[in-house]
Number of protein chains: 2
Amino acid sequence: MDNQTQSLDNLVSHFSSLPSIGRKTATRLVYHILRQSPEFAARFGQDLLTIHEKVIFCSNCFNFTEQDPCPICSNTERRSNSILVVEQPSDVALIERTKEFKGLYHVLHGVLNPLEGIGPEDLKIRDLISRLEGITEVIIALNPTVEGEVTAQYLAKMIKPLEIKVRKIASGIPMGHQLEFSDEATLARAIHGATEV
Amino acid sequence: MDNQTQSLDNLVSHFSSLPSIGRKTATRLVYHILRQSPEFAARFGQDLLTIHEKVIFCSNCFNFTEQDPCPICSNTERRSNSILVVEQPSDVALIERTKEFKGLYHVLHGVLNPLEGIGPEDLKIRDLISRLEGITEVIIALNPTVEGEVTAQYLAKMIKPLEIKVRKIASGIPMGHQLEFSDEATLARAIHGATEV
């Protein structure tokens, strides 16, 4: 026991099992919580306790949701003929904030990674294929890593024969960055994907 | 709603109200928790929910404890004539890890800070004074800030007339550091507090 009491230690262990939180930070957080009102810890605890009951996967797009189908899938004002494919539920929130995309989403819950034994059956790929009736365009928004690129190629090979347009979000120089500090692969991709001005 | 569901947003708000955790980190933590087993969130939530019930203040030293008096105060093998005074409960854990001190503790729960309106009555100073029967030595281990120094002086002025030895932990060059990179105040304090070799 680092902190004299078992309850404190348990809580420190929970916090320090989270990414980017070490034992020292976790200890600081727990002492901070103890200095707040008991109501704060109670609300925080209650919300954590019930998060897995309340938040489920949308059976259509596999994003997190509290109602099935999710608010995006059941929103009739969105373009229902376009699907944007992402790796994680958090990517949906990220893209929604850009307000650039008005269609539907599909969350793969990972990318192909043969080295780690992650194949097509481990992802929501079959569910994506079964949603393609009436879809005219699929936009792939996976991370521009080797695994992301391989997965994008795999999806394109399955979807293109169905006469659906498959596009991939652009790779290039981030806005506000300087060419000088870009790596060669990014620069090459930016030149390859040059668009009309 | 940033993340489409109210439950996710609530949890993100709780995490981002903690020190050093911004909204982006909080969102990452919540998505991480959702990827873990429901049991993890349940245990974490349960422990948070009950932390204020389980962890109380020791009525003797005012450290956090699950039993009153705390394990340190009720440990008969510790030297009961020596009290080490700290600012926060977390300082007790810190000092216990050094294994240098075998006496009892007293947690002030703050330091004097007239600018913020924190006077002697807001701290556990009166409780300290009422514990001094049979005590032969008080060691003050407050942070070497202006407020910490002022509080140490205040305590010394109250305790010394009772013919109790009052000492203060040493300020000086941290172990492994170089003189070259020490500020003048620290160096002056280190020279002032020079000890025999």
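**Entry: a histidine in a loop.** I began with A:His109, which sits in the loop between β4 (104-107) and α5 (125-129) of chain A. This is a predicted model, and I kept that in mind throughout. A:His109 has a positive phi of about 60°, although it is not a glycine. A:His109 has 18 C-beta neighbours inside 10 Å, so it counts as partly exposed.

**Entry: a serine with positive phi.** Next I looked up A:Ser20, in the loop between α1 and α2 of chain A. Its phi is near 70°, a positive value in a residue other than glycine. I counted 10 other C-beta atoms within 10 Å of A:Ser20, so this residue is exposed.

**Entry: cis peptide bonds.** Which bond is cis in chain A? I found the one from A:Asp68 to A:Pro69, with omega near 0°. A:Pro69 belongs to the loop between β2 and β3 (82-86) of chain A. In chain B, the bond from B:Asp68 to B:Pro69 is cis, with omega near 0°. B:Pro69 lies in the loop between β2 (64-65) and β3 of that chain.

**Entry: how the two copies are related.** I laid chain A on chain B and got an RMSD of 0.1 Å, by a turn of 180° and a shift of 0.0 Å along the axis. The two copies are thus related as by a two-fold rotation axis. Which C-alpha of chain A is nearest the axis? That of A:Gly45, 2.0 Å from it.

**Entry: where the chains meet.** I listed the contacts next: 44 residues of chain A touch 45 residues of chain B. On the chain A side, the elements that give two or more residues are α1 (6-16), α2 (23-35), α3 (38-54), β2 (64-65) and α4 (89-98). The largest share comes from α3(A), with 12 residues. By class, I noted 21 nonpolar, 18 polar and 5 charged residues on this side of chain A. I also checked whether the copies use matching surfaces. Of the interface residues of chain A, 100% are also interface residues in chain B, so the copies meet through the same surface.

Entry: I took α1(A) with α3(B) (residues 38-54 of chain B): the two helices pack at an angle of about 150°, with their axes 10 Å apart. α1(A) passes α3(B) in a left-handed crossing. From α1(A) I noted A:Ser7, A:Asn10, A:Leu11 and A:His14, which meet B:Phe44, B:Asp47, B:Leu48, B:Ile51 and B:Lys54 in α3(B). By class, this contact has 4 nonpolar, 3 polar and 2 charged residues.

Then I looked at α3(A) with α1(B). Their axes come within 10 Å and cross at roughly 150°, and the crossing is left-handed. Here A:Phe44, A:Asp47, A:Leu48, A:Ile51 and A:Lys54 meet B:Ser7, B:Asn10, B:Leu11 and B:His14.

**Entry: the buried side of α1(B).** Which residues of helix α1 (residues 6-16) of chain B are buried? I found B:Ser7, B:Leu8, B:Leu11, B:Val12, B:His14 and B:Phe15. They cover an arc of only 160° around the axis, which puts them on the same side of α1(B). What covers them includes α3 and β2 of chain A, together with α2 (23-35) of chain B.

**Entry: a glutamine with a partner in each chain.** B:Gln88 lies in the loop between β3 (82-86) and α4 (89-98) of chain B. Leaving aside its neighbours within four places in sequence, B:Gln88 is in contact with A:Tyr31 and B:Val107. With 19 other C-beta atoms within 10 Å, B:Gln88 is partly exposed. I also looked up B:Leu108: its C-alpha is 6.8 Å from that of B:Gln88, and the two are 20 residues apart along the chain.

**Entry: a proline to finish.** A:Pro144 is in the loop between β5 (137-140) and α6 (146-159) of chain A. I counted 15 other C-beta atoms within 10 Å of A:Pro144, so it is partly exposed. Beyond four places in sequence, A:Pro144 is in contact with A:Glu149 and A:Ser171.

Key. Residues are numbered from 1 along each chain as its sequence is written. Chains are lettered from A and ligands numbered from 1 in the order in which they are written. This is a predicted model: local features need pLDDT of at least 70, side-chain atom pairs count only at pLDDT 80 or more; totals for chains, interfaces and linings use all residues. Two residues are in contact if their C-beta atoms, placed from the backbone, lie within 7 Å. Helices (H or I, at least four residues) and strands (E, at least two) are DSSP runs, numbered from the N terminus. Ala, Val, Leu, Ile, Met, Phe, Trp, Tyr, Cys and Pro count as nonpolar, Asp, Glu, Lys and Arg as charged, and the others, Gly among them, as polar. Copies are superposed by least squares on the C-alpha atoms of residues with pLDDT of at least 70 in both. A residue is buried if 20 or more other C-beta atoms lie within 10 Å of its own, exposed if 12 or fewer, and partly exposed in between; C-beta atoms are placed from the backbone. The arc is that of the directions from the helix axis to the C-beta atoms. Axes are lines fitted to C-alpha atoms, for helices over the stretch in contact, and angles run from 0 to 180 degrees between N-to-C directions. A crossing is left-handed if the near helix is turned anticlockwise from the far one by less than a right angle, and right-handed if clockwise.
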